[in-house]
Amino acid sequence: MITYREALDLLTNEDFLKLGKSATELRFRLHPEPIVTFVVDRNINYTNVCESGCKFCAFYRREGDKDAYLLNVQDVLKKVKELSDVGGTQLLIQGGLHPNIKIDYFVKLFKEIKKHFPHIIIHSLSPAEVIHIAKKSNKTIADTLRILKDAGLESIPGGGAEILVDEIRKEISPNKIGWKDWEFVMREASKLGMKGTATMMFGSIEGPEDIIKHLERIRNFQDETGFFRAFIPWTYQPGNNELGGKKVSSYYYLRVLAVSRIFLHNIENIQASWVTQGPKVSQLALFFGANDMGGTMLEENVVSSTGLKFIMDKNEIVELIKEAGFIPAVRNTRYEIIEKILD
Ligand code: SF4
């Protein structure tokens, strides 16, 4: 287990290729087989209306904007059917912090999805959404999560973590929850026997110290709870948003990815972010600690609203993994392997 200081030193000073080698060694210690997993999934953004107005976000709209929308149950079921028809198993339902929808909307939605598509795993609602729904519905976080779990919610994605350092959050998303609230939701979900993932959006205004602080908070929480099935670092995308700035290099992305693998010894799966890095860098990510390619994302609206659009279907992901010398395997949200693609 490396310390905060050692991690900071690795991120800022270590030789690039040595960093990749150390991360790869650790990856193979946890996953001795040369398998790279991915899930067939779909993102559904039920609304783009959001009260939060994060400066880095190009996706949200205000209520009354001409392109503001809120999907109804039938709209969502149609999309879930398309996912099911291509053999998908994971649904990531996320959206803005809508001023007028309460818990009943989600209970109805999740119950209908589970009724028609019981094999689909609902991995949905970031901690900020859970808190927002609880407030709008006058419920505690624990009650909100219990009700959503009973309706079919199985796993909580770590979205909205950005950087878990409040000084940075105050700058880039001043109206969003602080890091302790993010952790509190995950803790309550853990107490209910749920699982989730952790993310990190870096490359906006934070420094290397903030990145390592974020990793440290994730590692400590994981030590206590074992809640996270995976860690997914991805880069801030400037474009069509208030924050602006420049994109960090793929070189820096790979450094952060490798340090994440080395520092987070207690999280088994580290995902490559092909949505922000594109196919070629995500292949390189497999030599910097990643063992998972994330999802096929039949639909993606949040990153693409910044103007960046990488699209890959299942066959392309399979080819990408093979080309890099690994065995592709389809998994579900629980990281259980459904199919190894050997030919
Ligand atoms: S990142 Fe999420 S919470 Fe922030 S403005 Fe965009 S939709 Fe709203």
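The model is a predicted one, in which local features need pLDDT of at least 70 and side-chain atom pairs count only at pLDDT 80 or more, while totals for chains, interfaces and linings use all residues. Residues are numbered from 1 along each chain as its sequence is written, and side-chain values use heavy atoms, with hydrogens and water left out. Helices (H or I, at least four residues) and strands (E, at least two) are DSSP runs, numbered from the N terminus.

Two sheets can be described. Strands of a sheet pair through backbone hydrogen bonds, either parallel or antiparallel. Here, two strands are taken to pair if DSSP finds at least two bridges between them. Strand β2 (residues 41-45) runs parallel to β3 and is joined to it by 5 bridges, and Asp41 stands opposite Gln90 in β3. Strand β4 (residues 121-123) is likewise parallel to β3, through 2 bridges; here Leu91 has Ile122 of β4 as its bridge partner.

Strand β3 (residues 90-94) is mostly covered, with 5 of its 5 residues buried, where buried means under 20% relative accessible area, exposed means over 50%, and partly exposed lies in between (1.4 Å probe, protein chains only). Gln90, Leu92 and Gln94 point one way from β3, whereas Leu91 and Ile93 point the other way, and all are buried.

The other open sheet has 4 strands in the order β9-β1-β10-β11, and its pairing is mixed. At its edges are β9 (292-295) and β11 (337-340), each pairing on one side only. Neighbouring strands of this sheet are turned by 25° against each other on average, direction ignored. Strand β1 (residues 35-39) and β9 run parallel and are joined by 2 bridges, with Asp292 in β9 as the bridge partner of Thr37.

Turning to the helices, two packed helices are described by the angle between their axes and the distance between the axes. The axes are lines fitted to C-alpha atoms, for helices over the stretch in contact, and angles run from 0 to 180 degrees between N-to-C directions. Angles under 35 degrees count as roughly parallel, over 145 as roughly antiparallel, 65 to 115 as roughly perpendicular and the rest as oblique. Helix α4 (residues 103-116) packs with helix α6 (residues 141-151) at an angle of about 25°, their axes 8 Å apart, and the two are therefore roughly parallel to each other. From α4, Ile103, Phe106, Val107, Phe110, Lys111 and Lys114 meet Thr144, Ile147, Leu148 and Ala151 of α6, contact meaning heavy atoms within 4.5 Å. These residues divide into 7 nonpolar, 1 polar and 2 charged. In this scheme Ala, Val, Leu, Ile, Met, Phe, Trp, Tyr, Cys and Pro count as nonpolar, Asp, Glu, Lys and Arg as charged, and the others, Gly among them, as polar.

Helix α5 (residues 127-136) and helix α8 (residues 179-191) pack at about 80°, with their axes 9 Å apart, which makes α5 roughly perpendicular to α8. Pro127, Val130 and Ile131 of α5 make this contact with Asp181, Trp182, Val185 and Met186 of α8. By class, the contact has 6 nonpolar, no polar and 1 charged residues. Helix α8 also holds Glu188, which is buried, with a relative accessible area of 11%. Leaving aside neighbours within four places in sequence, Glu188 is in contact with Ile141, Ala142 and Leu145.

Around the ligand lie Cys50, Ser52, Gly53, Cys54, Phe56, Cys57, Tyr60, Gly96 and Lys176, a residue being near a molecule or strand if one of its heavy atoms lies within 4 Å of it. This shell has 5 nonpolar, 3 polar and 1 charged residues. Cys50 and Ser304 are 254 residues apart in sequence and 17 Å apart in space, C-alpha to C-alpha. Ser304 lies in the loop between β9 and α12 (314-323) and is buried, with a relative accessible area of 18%.

Finally, Trp274 belongs to helix α11 (residues 274-285) and is buried, with a relative accessible area of 3%. Not counting residues up to four places away in sequence, Trp274 touches Ser282, Met293, Gly295, Thr296, Phe310, Ile311, Met312 and Ile317.
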